[in-house]
Amino acid sequence: MRPCEGAFFHGRAYASLYPSVKIPRVFIVRTGKSLIFLRVCVTLFYMNILLAKNIPTMEIIAQIIGIIAMAFNILSYQQKKQRYIIMWQLLGTTLFTVNFFLLGAYTGALLNAVGIIRAIVFLYKEQLRTDHPIWLIGFIAVYLVSYVLTFTAFGTEFNLLNALVEILPVVGMTATTLAFRSKTAKSTRLLGLISAPSWLIYNIVAQSMGAILCAAFCLVSILVGLFRFDRKQTLNK
């Protein structure tokens, strides 16, 4: 069985398949009657990759940090309140900044560093009055500067394909910024339907397996969150 095939197995079934593997409760997210072992599956997937190749210690550390960051981002969309979504994503973004830096992906590290500041700002949206347009304009300006730096400071060749690919993270970051400005968790999840696919396409082109999994699982998590919370609220009205 491939690692992620057990993702949607019931806990007892998983235990019977892997009797020697102890699954801490922190690894389990309860969605109705199902048990989703996201972090376990991703960890097993990465362990297969790391054991199959002779990878430097620093890269292994970076991948482990990326796994933890991935879990925070995925689980953020399962939170009922928007503030908790932002808090979980703050932790994930902080770890992804370290992850990208250790892997030498400085553009990703830079955008995630900006994401840390953005998350902190929107955690205190009332005190800082983040509904003022200047915040949105300021963050988008920083994203565009990062886009330009990709072709100048970081030396990426400028052509039509790269221009289109490199704009995707800017779209994703802008969508997330709009999500943080929104008033409800539902709006945050809906705007995540723009952010996650943008990052997913970018990560596929960049051939970053960890980032691909994170974006893909986040997209699934958003859809699950919409079904669990937002659909039920609509039906109850």
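Questions on a predicted model

In this predicted model, residues 24 or more positions apart account for 64% of the contacts in the protein chain with a separation of 6 or more.

Colleague: What share of the residues of the protein chain count as buried?

Modeller: A residue is called buried when its relative accessible area is under 20%. The protein chain exposes about 13,200 Å², and carbon and sulfur atoms supply 67% of that area. Of its 237 residues, the share that count as buried is 44%.

Colleague: Is Gly115 buried or exposed, and which residues does Gly115 touch, not counting residues up to four places away in sequence?

Modeller: Gly115 is found in helix 5, which covers residues 106-123, and its relative accessible area of 2% makes this glycine buried. The C-alpha atoms of Gly115 and Met173 are separated by 7.8 Å, although the two residues are 58 residues apart along the chain. Leaving out residues up to four places away in sequence, the residues that Gly115 touches are Thr93 and Met173.

Colleague: How many disulfides does the count come to?

Modeller: A disulfide is a covalent bond between the sulfur atoms of two cysteines, and the rule used here asks for a pair of cysteine sulfur atoms within 2.5 Å. By this rule the count of disulfides comes to zero.

Colleague: Which cysteine sulfur is nearest to that of Cys214, and is Cys214 buried or exposed?

Modeller: Cys214 is in no disulfide, and the nearest cysteine sulfur, 4.1 Å away, is that of Cys218; Cys218 is likewise in no disulfide. Cys218 has a relative accessible area of 8% and is therefore buried. For Cys214 the relative accessible area is 6%, so the nearest sulfur is that of Cys218 and Cys214 itself is buried.

Colleague: Which residues make the nonpolar surface patch of about 330 Å²?

Modeller: One member, Phe101, lies in helix 4, which covers residues 82-102. Phe101 is exposed because its relative accessible area is 52%, and a residue joins a patch only with over 30%. The nonpolar surface patch is made by Phe101, Tyr106 and Phe154.

How values were computed
Residues numbered from 1 in each chain as written. Predicted model: local features only at pLDDT ≥ 70, side-chain atom pairs only at ≥ 80, totals over all residues. Heavy atoms only, no water. Patch = residues over 30% accessible without salt bridge, like charges linked within 9 Å, V, L, I, M, F, W, Y side chains within 5 Å. Areas by Shrake-Rupley, 256 points an atom, 1.4 Å probe, with all protein chains shown as cover. Salt bridge = Lys/Arg side-chain N within 4 Å of Asp/Glu carboxyl O. Helix = DSSP H or I, 4+ residues; strand = E, 2+ residues; numbered from the N terminus. Buried < 20%, exposed > 50% of the residue type's maximum accessible area, 1.4 Å probe, protein only. Contact = heavy atoms within 4.5 Å.
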